[in-house]
Amino acid sequence: RFRWNMKSPMPLAEAEAVASDFIAKVRDWISKYEVAGSIRRRKEIVGDVEILVRPEFATAPQANLFGESTGMGKNMLTWRMLELLHVGIIEEGERAKDGRRAPFSDRHFMFKFMDKPIDLYAVFPPADWFPTLVIRTGCADFSHFLVTHSQAVGVFFRDGHMEKDGKILQINSEPEVFELSGIKYIEPSDRGDNWLQHMHETADYLKATVLKGYLKKPETLSS
């Protein structure tokens, strides 16, 4: 996974302002948005801004490299992001240590706006809104726990959606993601570094304690 080499720590209020100002730049090219990451968890100091959006698409379906219809029109958000880059409102994200360029394509854009790092995730099929929102809210350890625990109950996160028995599940809310993953719902503000304590006195707490060590065989928790 591509990561920022250097984050720019900023107070929560400043990070929220950066997110709001950027969203205003793309609002006409998206149908839905949610600020995720440490802002959504209400962390006092934020390293970077993470935003989920649902792009608008042009009405005419586009073809893939083989001339087959994708069933979707042109991703208008991608067009808008290229325009913002061209006029200098945003800047390309820094390169990785191995020289790779930061992602800047239909589903994931890493860039700087107002000299602050932003991760922008565009959610559209096969990705699903609520599973992606939960994972991108974090924290990283909690997301790892959720994904691993869901595997123990036969549900899998793939390409931004959830599957069971080889079928894509239709998710209508954030609590439903938790329910299908076999754990109780906890608020975004409780998913920080101390997320384990919000599961105490439940079977989930014992399982989470084990999974905190990056469980190798999740099937051992199936009972």
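## Terms and basis

Two strands are said to pair if DSSP finds at least two bridges between them. Helices (H or I, at least four residues) and strands (E, at least two) are DSSP runs, numbered from the N terminus.

This is a predicted model, in which local features need pLDDT of at least 70, side-chain atom pairs count only at pLDDT 80 or more, and totals for chains, interfaces and linings use all residues. Residues are numbered from 1 along each chain as its sequence is written, and side-chain values use heavy atoms, with hydrogens and water left out.

## Overall picture

The protein has seven helices and ten strands. Of its 223 residues, 44% are buried, where buried means under 20% relative accessible area, exposed over 50%, and partly exposed in between (1.4 Å probe, protein chains only). The accessible surface is about 12000 Å², and carbon and sulfur atoms hold 52% of that surface. Such areas come from the Shrake-Rupley method with a 1.4 Å probe; for residues, only the protein chains shown count as cover.

A contact means heavy atoms within 4.5 Å. Among contacts between residues at least 6 apart in sequence, 58% join residues at least 24 apart.

## The sheet of S8, S9 and S10

Three strands make an open sheet in the order S8-S9-S10, with antiparallel pairing. Strand S8 (155-158) and strand S10 (167-168) are the edge strands, each pairing on one side only.

S8 is joined to strand S9 (residues 161-164) by four bridges, and these two strands run antiparallel. Val155 has Lys164 in S9 as its bridge partner, and Phe156 has Glu163 in S9. S8 and S9 form a hairpin with two residues between them, and Asp159 in the turn has a positive phi of about 55°. On the S10 side, two bridges link S9 to S10, again running antiparallel. Here Glu163 stands opposite Ile168. The hairpin of S9 and S10 also has two residues between the strands, and Asp165 takes a positive phi near 55°.

How many of the residues of strand S7 (residues 116-122) are buried? Seven of its seven residues are, so the DSSP run that defines this strand is mostly covered. In a regular strand the side chains alternate between the two faces of the sheet. From S7, Lys116, Ile118, Leu120 and Ala122 point one way, while Pro117, Asp119 and Tyr121 point the other way, and all are buried.

Strand S4 (residues 49-55) runs parallel to S7 and is joined to S7 by five bridges. Strand S6 (residues 108-113) runs antiparallel to S7, with six bridges between them. Tyr121 in S7 stands opposite Leu52 and also opposite His108. S6 and S7 form a hairpin with two residues between them; Met114 in the turn has a positive phi of about 55°.

## Two loop residues

Asp106 lies in the loop between strand S5 (90-92) and S6. With a relative accessible area of 37%, Asp106 is partly exposed. Not counting residues up to four places away in sequence, Asp106 touches Asn75, Thr78, Ala122 and Phe124. Asn75 is 31 residues away from Asp106 along the chain, yet their C-alpha atoms are separated by 7.1 Å.

Pro126 lies in the loop between S7 and H4. Pro126 counts as partly exposed because its relative accessibility is 40%. Apart from neighbours within four places in sequence, Pro126 is in contact with Arg107, Asp159 and His161. The C-alpha atoms of Pro126 and Asp159 are separated by 6.5 Å, although the two are 33 residues apart along the chain.

## Helix pairs

Two packed helices are described by the angle between their axes and the distance between the axes. Axes are lines fitted to C-alpha atoms, for helices over the stretch in contact, and angles run from 0 to 180 degrees between N-to-C directions. Angles under 35 degrees count as roughly parallel, over 145 as roughly antiparallel, 65 to 115 as roughly perpendicular and the rest as oblique.

The axes of helix H4 (residues 129-137) and helix H6 (residues 174-181) come within 8 Å and cross at roughly 80°, so H4 and H6 are roughly perpendicular to each other. Phe130, Pro131, Leu133 and Val134 in H4 meet Glu174, Val177 and Phe178 in H6. The residues of this contact divide into six nonpolar, no polar and one charged. In this grouping, Ala, Val, Leu, Ile, Met, Phe, Trp, Tyr, Cys and Pro count as nonpolar, Asp, Glu, Lys and Arg as charged, and the others, Gly among them, as polar.
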